[in-house]
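Work through the exercises below with the sequence and the model open. Each task is followed by a solution in steps.

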Amino acid sequence: MRSEQLYIITGSSKGIGLGLVNHLIQNPCIRVIGISRTKTEIEHPNFTEIACDLSDLNSIPAILDRIFPTGTFSRIVLVNNAGTLGKI
């Protein structure tokens, strides 16, 4: 029996988040959930994409059931990579 890990990555559609997703999905024991405002072109059995604007706090409760599935994982990791740059 393999020991699956779950990685939840915010900001997964660009930059560091996208690079991390592409790296992690190559490991068959890692499931990745990517959360971002824009869709990626990644189609992989280890990857689930959720469209969500995390700056809208009212949108978060609606996706919690999709973020935390009923599976059992040996480790759950959150990589909070989403961000916005306001006025400078």
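**Exercise 1.** Classify Ile76 as buried, partly exposed or exposed, then find the nonpolar surface patch to which Ile76 contributes.

Solution. The model is a predicted one.
- Step 1: Ile76 has a relative accessibility of 48%. Buried requires under 20% and exposed over 50%, so Ile76 is partly exposed.
- Step 2: Locate Ile76 in strand β4, which covers residues 75-79.
- Step 3: Together with Leu64 and Phe68, Ile76 makes a nonpolar surface patch of about 280 Å².

**Exercise 2.** What is the volume of the largest pocket, and which residues are the closest to its centre?

Solution. 
- Step 1: The volume of the largest pocket is about 410 Å³.
- Step 2: The lining has 18 residues, of which Gly11, Arg37, Ala82, Gly83 and Thr84 are the closest to the centre.
- Step 3: Helix α1 (15-24) and strand β2 (30-36) each contribute at least two lining residues.

**Exercise 3.** How many disulfides does the structure hold? Are Cys29 and Cys52 buried or partly exposed?

Solution. 
- Step 1: The count of disulfides is zero.
- Step 2: Cys29, at a relative accessible area of 26%, is partly exposed.
- Step 3: Cys52 has 7% relative accessibility and is therefore buried.

Key
Residues are numbered from 1 along each chain as its sequence is written. This is a predicted model: local features need pLDDT of at least 70, side-chain atom pairs count only at pLDDT 80 or more; totals for chains, interfaces and linings use all residues. Side-chain values use heavy atoms; hydrogens and water are left out. A disulfide is a pair of cysteine sulfur atoms within 2.5 Å. Buried means under 20% relative accessible area, exposed over 50%, partly exposed in between (1.4 Å probe, protein chains only). Patches are made of residues with over 30% relative accessible area and no salt bridge: like charges are joined within 9 Å, nonpolar side chains (Val, Leu, Ile, Met, Phe, Trp, Tyr) within 5 Å. Accessible areas come from the Shrake-Rupley method with a 1.4 Å probe; for residues, only the protein chains shown count as cover. A salt bridge is a side-chain nitrogen of Lys or Arg within 4 Å of a carboxyl oxygen of Asp or Glu. Helices (H or I, at least four residues) and strands (E, at least two) are DSSP runs, numbered from the N terminus. On a 1 Å grid over the protein atoms alone, a cavity is a set of points where a 1.4 Å probe fits but cannot get out, and a pocket is an open set with protein on both sides within 12 Å along at least five of seven lines; lining residues have an atom within 4 Å of a point. Grid points are joined across faces, edges and corners, and a volume is the space filled by probe spheres set on the points.
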